[in-house]
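Reader: I've got the sequence and the model open side by side. Can you walk me through what's in there?

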Amino acid sequence: MYRAYYVPKFPVSYITDDGRDLWINDPNHIRHQCGFLQAILEHIDNTKHIDPIKIVIPVEGQVQAGPAGTSRLYALTHLRGYTHVPAIVSTTQYFEWFGDDVVEIIDKEQIRSYLLLEPADYNIEPDGKAFWHNHNPNEKQMRETYKISPETFEKLLRCI
């Protein structure tokens, strides 16, 4: 049985599968051309908030990121050099290396409380794993939720 925890400073060095989408490795992909990762960072800078990365640890030594937050994780670690990120971790075993100020998540309202953007769905699964996901945003959702400059917004519209 899993338990879920909010880990405010999850050490990214423990992640064995960063869950990155294949487009991340293609500099010619439209998301790179429209500055998708930079828009994520601009939104974080403007809101002063980082939504957590979803992490699952099925067994010791296997630390899987995603699917929620993998682009954010890549932007923070590869473009900004972050070594620790906020995460919601589902695990069968608590590890001391999670660090300080860890909070066990016992209900879906706690999951929601860590997310700035409104998720399409979120809950704790019967096996104890926390989950949340968003639908791919449309222009209306982006205008209402992304805190980015008009110039960045216009670039992002090319992505969708």
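Author: Let's start with a term: a salt bridge here is a side-chain nitrogen of Lys or Arg within 4 Å of a carboxyl oxygen of Asp or Glu. Keep in mind that this is a predicted model, where local features need pLDDT of at least 70, side-chain atom pairs count only at pLDDT 80 or more, and totals for chains, interfaces and linings use all residues. Residues are numbered from 1 along each chain as its sequence is written, and side-chain values use heavy atoms, with hydrogens and water left out.

Reader: How many salt bridges does a search of the whole structure find?

Author: Side chains of opposite charge can pair when their charged atoms come close. One of the pairs here is R20 with D18, at 2.7 Å from N to O. Searching the whole structure gives a salt bridge count of 6.

Reader: Are R20 and D18 buried, partly exposed or exposed?

Author: Buried means under 20% relative accessible area, exposed means over 50%, and partly exposed is in between (1.4 Å probe, protein chains only). R20 comes out at 30%, and D18 at 24%. Because both values fall in the middle band, R20 and D18 are partly exposed.

Reader: Which parts does the pair D45 and R80 tie together, and how many residues apart in sequence are they?

Author: These two side chains form a salt bridge at 2.7 Å, N to O. D45 sits in helix 2 (residues 36-47), while R80 is in the loop between helix 3 (70-79) and strand 4 (84-91), so the bridge links parts separated in sequence by 35 residues. Helices (H or I, at least four residues) and strands (E, at least two) are DSSP runs, numbered from the N terminus. So the parts are helix 2 and that loop, and the separation is 35 residues.

Reader: What separates E144 and K140 along helix 5?

Author: Their side chains meet in a salt bridge of 2.6 Å, N to O. E144 is partly exposed at 47%, whereas K140 is exposed at 57%. Both belong to helix 5 (residues 139-145) and are 4 residues apart, which means a separation of about one helical turn.

Reader: At what angle do helix 2 and helix 3 pack?

Author: Among the residues that meet are F36, L37 and I40 from helix 2, with Y74, A75 and L79 among those from helix 3; contact means heavy atoms within 4.5 Å. The axes, which are lines fitted to C-alpha atoms over the stretch in contact, are 9 Å apart. The two helices count as roughly perpendicular, a label for angles of 65 to 115 degrees. Their packing angle is about 85 degrees.

Conventions. Axes fitted to C-alpha atoms, helices over the stretch in contact; angles between N-to-C directions. Parallel < 35°, antiparallel > 145°, perpendicular 65-115°, else oblique.
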